[in-house]
Every structure is written in structure tokens, then in C-alpha cells.
Amino acid sequence: MFSPEQIRKDFHILEEELAYLDNAATTQKPDNVINAIRHYYMKQNSNVHRSNYELAELATQAFESSRRTIANFIGSEPEELIFTRGTTESINLLAYSFFVGGLIEAGDKIAVTIAEHHSNFVPWQQLSKRFGTEMVYVDTDDEGRISLSEVKKALDKGVKLLAFTGMSNSLGVVMPYVEICHLAKERGVLTVLDGAQLVPHHKVNVKEVGCDFMAFSAHKMLGPMGIGALYGRRELLEKMVPFLYGGEMIDEVTLEDTTFNVLPYKFEAGTPNVAGTVGFGEAIRYLARLEWGKVQEHVKKLADVLIHELERIPYVEVYGPKDETQHSIVSFNIKGLHPHDVSQYLNSWKVAVRSGHHCAQPQLKRIGVPATCRASVYFYNTERDVERMLEAIKNITNEFPWVG
Amino acid sequence: MDELRELYTDTLMSFYLAPDRKGKIADAQGLEGKNLSCGDRIKVFLQVEDGVIKDAKFTGYGCVISQSSATVMCRMLLNKRLDEAKEMIDRFIDFMQGKDVPEELLGDALYFEGVRRFPSRVKCATLAWHTAKELIQKLKGIQSDAG
């Protein structure tokens, strides 16, 4: 039985009187994740894959068990799951390795959508500036949706790689990612799926989706910060060159040359963030126990209430499609007031929302606003949180009388 | 709510609602400043004659804090010599960063005292001032080149 009230008891921080509605930035961590990290440092800490004493075995087991749990969660093989610092590093790893390893060359076309977070935009754009690849942009509509015809149009320009988000972080649009991957595959185009917002909300099986790569972050799905993953199709990862060189990732080093370790270690140079992976694995175990149908329904319902109630207030403008394609994230503005002032005001009501450009300036420019307020819901939020925010917005004219 | 009132005082709100220094100055030097965290932009224009600021205005989009602060700054810059203006700006930035500055030297900038308790908003209050400082340095460079 899915009960948000029950679930909140697993999150120490939610005992505070606060409507935490900034989950697209980072989620809160349940006690089991915090405890797992503490347990790791108290009982298992040592370096992984190096020594053969018992403690080292325990650390290695914890590390690899997390990898298996996470891989299983997204339907990949453990060898196809590389630990990184997060989505940003995963995408930078790809951009660097593709170019250095010759999988992408000067003159090649790379398509990205304008709905991207800067982390799936700037690495590709900089590649084009510095190494002469060519950018192809997939436009969204006025609500931030990507149409398959726009994707086709871009792909048919002869692109080699398409990097796109499964769910936009500024407007909460769930993209038709399965269909997009299918279109790309038909044309032999490599796909990089940014799963940072998608994976916390939708069960993604990478083999069923058919993406070549997927990047995601632990901290946006109950895990700790500073750890994330990159999934890559094995045969592609085999062909790629390492991103970082150093310890752990080598097979043999001589004065003349170095051969590299097998997957996934080839991409994991240096001592890894083992405690982070332990927390990440524990977060996934927590998520895997939930009834996902109920969770999605609950999140969708709360976000829909926000959208529809905000829309009824004359001085509020809500962005995004406001239909079944919008999930969890509600971007809005108060007429006559800057989003920073709105989020500061909401703070005085103990409501936490983000304001700004959400690291998605091309998308905001496309919908014609420099910044928005963004409320983002996760499954531990309740009607109370949403009501508190709505109540606050309805009273905003008391503090800022010129609004409206 | 009281805490909010410390930040959004009636005086600040009145500056925000009556932005009498807003607009461009034709033929004057302008410089754009950005707040990287929120993407806000402001452009400050200074018209200088014989080393004295004869007109100061700004354009741009921002929150109550950044816009009211820009208004106050432009008012205060009027008829100041460039070196005086720079001193005044440095004093305000120091004040906002929590340093001790004699209150009598701050003038209307003292109205922003409440913002100091909100570290994430200090950069809103100082955006116009940092931009003007950079512009003044540029203008001084031009002057000394000419001189």
C-alpha cells in the first residue's frame, strides 16, 4: 500500500515544517541511504579491487553489489554501468571520448534539442567550437514538447549522434524517448539519453528503450551527491577510449605503453567514491520496493493540482504543456514580480522552490522568459505541501500589492 | 513574514515601483552586467563630462532588490567625480559583504542593510554596483588615454 504519510517517516529531514518542492534540483535522502553510507565508513571502508584482506573484500563487495543493483534497475549488464560523479561527468566523458577516440570527427553533425539542461548542451557545443563538429538543433514547440517530425528533420540532415533529455528539467516535459531512439536507430544515429530527470520518475529499461547511452545522477533519486552513472552499450564502450587515465583503469603499464582494464573499469580511473555508490545502491533498493504505478499517479496528481490551481489565479502564468506529457515539474511566473522575489516570498511560508533559469537558457529563451519559478514534486510530497504553496501564492498580493 | 519585511522594506518597494533612473542614455557609454545564478542582466549607462558623472541610468530585468538598488545607485552617482563614484561603490560593496562602513557615508544605500541578512540576495543588490565599477574603470582608462 503506497502511503506518502508513511513514506515521510523514512526521511528524517521531512520532519521539519517545510514544503520541499525543489526535487528536480535534488531529492531528500531516506534514512536507509544515510545509514548505509555510515555503515560503510564504520564497518567496510578500505580501497576497492586492490587488496585481499577481509575488509577490502567487504568494500569491493559493497561496491560491486551496488553496481549490480543499479544495472538491474535499468536493465543493463553490470559491465555496461560506469560510475561517474553524475550526469554532467557522464556526458563530458562521452563528448571527450568520442572525439579523442575518433568516433566523432571534425565535420560530423551532432544534434541536441533546445530543451536540454546545460550539461547536455554545453559539452556538445564546445566540441563544435573547438574541434569543428557541427551542431544541429531540434526545436521544441511553445510548450517545450519535441515532435517526432522535428526529430526526423534533424536526423535526416545526416547527424551522427543525437543527445536529448528524456524529461526536461525546466518544464517537466516527458519526451517520446522510445520513439526518438527508434527513429535514430533506423538511421544509424547514436543516441545519448539524459536520464537525470527521467529515471527518478519512470522505470527505464535501456534495452527496451534502445538508447546507446544513458546518463543519470544518484542525488536526484534519493541517493547522495557526487555519484552517478553512465550506461553504454557494451560494443560501443569497447570501442571507446578512456576519459580519465590513472590507477584502476589499466591492464598493464610498461615504459613503452599501457593496455587498459576491461569494462567498466576502463572508465573508472582513480579511487572511486565507494561510499557514494553504496548510498546510490541503497537508494535504488528503496525505489525498487515502491509501487511505481501508484508513485507516478501520486506525483502526477500533485503536479496537476498545482498546474490547474495556479492557472485559475489571474496573475499567474504557468508554462509547459499542462497535459499528460508534463510530469512532476511546474514552471510558472507571477506577473509583475521577478521569480527570485517569488521564491523568497515562498520561503517565508516555508515553501522551497527554485527560481532562475534552471540551467536551461535555450529552452527558456524559446518560450520567451528569462527565468521562472519551478516547483517540483516527488513521491513523499503530500496535498499539504501543494496546498501550502497555493495558499501562499493566493496571498502574495498582501506583500506585493502591485501584483496582478 | 517579519523576516520577509526586513528584506522587502516599504522604501525598497517604493524605489522598485518608481524606477526614475531607468532607460538608456543616447551617446553615453554603457556596460552590461550579469547575475550568473539567475541569468539577470542589467546595463548601466554613464554620461561623463570633465570627469564628472552628469547622467546615470540603467536598463534590464531583475528582482525588487536588484532593480531598486540600481535606481538608488544611479541617483547617487549623479554629479560625482569618477574617483568619488568608485569610492562610493567600493563602500557599498564592502557594506553588503558585511564589513563595517560608517553609516553616514552610505546615504540612501543604507536602505539595503536588511539584504545583508540574506546572503543569496547580496549579489542581487550589488549587481548594478559591480557593473558600474567596471564601467568607471573603463571610462577612467579612456580619460587617461585622452589626457
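**Exercise 1. Determine which backbone atom the side chain of Asn23(A) reaches, and describe the surroundings of Asn23(A).**

Step 1. The side chain of Asn23(A) reaches the backbone oxygen of Tyr20(A) at 3.3 Å. A polar contact is a pair of N or O atoms within 3.5 Å; within protein, one must be able to donate a hydrogen and the other to accept it, and residues adjacent in sequence count only if both atoms are side-chain atoms.

Step 2. The model is predicted: local features need pLDDT of at least 70, side-chain atom pairs count only at pLDDT 80 or more, and totals for chains, interfaces and linings use all residues. Residues are numbered from 1 along each chain as its sequence is written, chains are lettered from A and ligands numbered from 1 in the order in which they are written, and side-chain values use heavy atoms, with hydrogens and water left out.

Step 3. Asn23(A) is located in the loop between strand E1 (19–20) and helix H2 (31–44) of chain A. Helices (H or I, at least four residues) and strands (E, at least two) are DSSP runs, numbered from the N terminus.

Step 4. Asn23(A) counts as buried because its relative accessibility is 4%. Buried means under 20% relative accessible area, exposed over 50%, and partly exposed in between (1.4 Å probe, protein chains only).

Step 5. Leaving aside residues up to four places away in sequence, Asn23(A) touches Gln28(A), Ser376(A), Val377(A), Tyr378(A), Tyr380(A) and Asn381(A). Contact means heavy atoms within 4.5 Å.

**Exercise 2. Classify the ring pair of Phe63(A) and Phe83(A), then that of Phe92(B) and Phe112(B).**

Step 1. Over all chains, the structure holds 24 aromatic pairs. Rings of Phe, Tyr and Trp (its six-membered ring) pair if their centres lie within 6.5 Å; planes under 30 degrees apart count as stacked, over 60 as edge-to-face and the rest as tilted.

Step 2. The ring centres of Phe63(A) and Phe83(A) are 5.4 Å apart and the planes stand at 45°, so this pair is tilted. The pair links distant parts of the chain, 20 residues apart: Phe63(A) is in helix H3 (residues 54–74) of chain A and Phe83(A) in strand E2 (residues 81–84) of chain A. Both Phe63(A) and Phe83(A) are buried.

Step 3. Phe92(B) and Phe112(B) form an edge-to-face pair, with 6.0 Å centre to centre and 90° between the planes. Here, too, distant parts of the chain are linked: Phe92(B) belongs to helix H4 (residues 82–96) of chain B, and Phe112(B) to the loop between H4 and helix H5 (119–146) of chain B, 20 residues apart. Phe92(B) and Phe112(B) are both buried.

Step 4. Ring pairs also join residues of both chains into a cluster: Tyr345(A), Trp349(A), Phe400(A), Trp402(A), Tyr8(B) and Tyr16(B).

**Exercise 3. Characterise the contact between chain A and chain B, and state what helix H12 of chain A supplies to it.**

Step 1. About 1700 Å² is buried between chain A and chain B, 58% of it on carbon and sulfur atoms. Buried area is the accessible area (1.4 Å probe) that two parts lose on being put together, summed over both. His338(A), Gln344(A) and Glu399(A) supply 33% of the area that chain A buries against chain B, more than any other three residues.

Step 2. The contact takes 19 residues from chain A and 22 residues from chain B.

Step 3. Between the two chains there are two salt bridges, a salt bridge being a side-chain nitrogen of Lys or Arg within 4 Å of a carboxyl oxygen of Asp or Glu. In one of them, Arg121(B) pairs with Asp341(A), the closest N and O atoms being 3.0 Å apart. Seven residue pairs are in polar contact between chain A and chain B (both at pLDDT 80 or more).

Step 4. Helix H12 (residues 339–348) of chain A provides seven residues, the largest share of the side of chain A that touches chain B. Nine of the 10 residues of H12(A) are buried, so this helix is largely enclosed by the rest of the structure. The buried residues include Asp341(A), Gln344(A) and Tyr345(A).

**Exercise 4. Which phi value does Lys350(A) take, and is Lys350(A) buried or partly exposed?**

Step 1. Lys350(A) lies in the loop between H12 and strand E13 (351–352) of chain A.

Step 2. Phi of Lys350(A) is near 60°, a positive value in a residue other than glycine.

Step 3. Lys350(A) is partly exposed, with a relative accessible area of 39%.
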